Amino acid sequence: MPLWFLRGVAHGVVTTRYPARAEPSAATLPTPPAFRPEALTRALADQLQGICPSRALARDADTLVFDVGACTACGRCRELAPGAVIASGNFELAATSRANLVKRIPLLGEKATR
Ligand code: SF4
């Protein structure tokens, strides 16, 4: 039986400690996207919504609604629009409520086309 298990049972620890230093393999993990508002238009937001298999993206008027909690970091949105979507590099997602995982990104590219 592993020592960490016995130690946990003896001291009541139910989770492992957060790692003090980053795991090297984390650099290669796929991460949710980050969006460049100035490159986003309504048309592109609609395309992104259509390509997302997790329904993590939706357009609400001049806003792209991104549900980070639903995103699987598949990378399809980045492939579709590499100028507007980049990898966030952030794989650590924590929030105090589900609603805090939903981001509203303004479609500032619309202003450039008006
Ligand atoms: S990475 Fe995949 S799941 Fe996440 S928002 Fe982009 S298309 Fe959707």
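The hairpin of strand 2 and strand 3 has two residues between its strands, and Ala61 takes a positive phi near 55 degrees there. Helices (H or I, at least four residues) and strands (E, at least two) are DSSP runs, numbered from the N terminus. You are looking at a predicted model, in which local features need pLDDT of at least 70, side-chain atom pairs count only at pLDDT 80 or more, and totals for chains, interfaces and linings use all residues. Residue numbers start from 1 along each chain as its sequence is written.

**The sheet**

Strand 2 and strand 3 (residues 63-67) run antiparallel and are joined by four bridges; two strands count as paired if DSSP finds at least two bridges between them. Strand 3 also pairs with strand 5, in the antiparallel sense, over five bridges. Together these make an open sheet of three strands in the order 2-3-5. Strand 2 (57-60) and strand 5 (102-106) stand at its edges with a single partner strand each, so one side of each has no neighbour in the sheet. From one strand to the next, the twist averages 25 degrees. As background, strands of a sheet pair through backbone hydrogen bonds, either parallel or antiparallel.

Here are some bridge partners to find in the viewer:

| Residue | Bridge partner | Strand of the partner |
|---|---|---|
| Ala58 | Val65 | strand 3 |
| Leu57 | Phe66 | strand 3 |
| Leu64 | Ile105 | strand 5 |

Helix 2 (residues 42-51) packs on the sheet and touches strand 2 and strand 3; its direction makes about 145 degrees with that of strand 2. For such angles, axes are lines fitted to C-alpha atoms, for helices over the stretch in contact, and the values run from 0 to 180 degrees between N-to-C directions. On strand 3, Leu64 and Phe66 form a covered face, while Thr63, Val65 and Asp67 form an uncovered one. In a regular strand the side chains alternate between the two faces of the sheet.

Pro33 sits in strand 1 (residues 33-35). Pro33 is buried, with 24 other C-beta atoms within 10 Å; buried means 20 or more such atoms within 10 Å, exposed 12 or fewer, and partly exposed in between, with C-beta atoms placed from the backbone. Beyond its neighbours within four places in sequence, Pro33 is in contact with Cys77, Arg78, Val85, Ile86, Ala87 and Ser88, where contact means C-beta atoms within 7 Å. Val85 is 52 residues from Pro33 in sequence, yet 6.2 Å away in space, C-alpha to C-alpha.

Just after helix 1, Gly12 takes a positive phi of about 80 degrees.

**Around the ligand**

Among the 14 residues around the ligand, Cys52, Ser54, Cys71, Cys74 and Cys77 come nearest; the cut-off is a C-beta atom within 6 Å of the molecule. This shell has ten nonpolar, three polar and one charged residues. Here Ala, Val, Leu, Ile, Met, Phe, Trp, Tyr, Cys and Pro count as nonpolar, Asp, Glu, Lys and Arg as charged, and the others, Gly among them, as polar.

**The whole chain**

The protein chain holds four helices and five strands, running α-β-α-β-β-α-β-β-α from the N terminus. Its radius of gyration is 19 Å, well over the 13 Å that the globule rule gives for 114 residues, so the chain is more spread out than a compact globule. That radius is taken over C-alpha atoms, and the rule is 2.2 Å times the number of residues to the power 0.38. The C-alpha trace spans about 65 × 30 × 25 Å along its principal axes, and 17% of the 114 residues count as buried.

Note on methods:
Contact = placed C-beta atoms within 7 Å.
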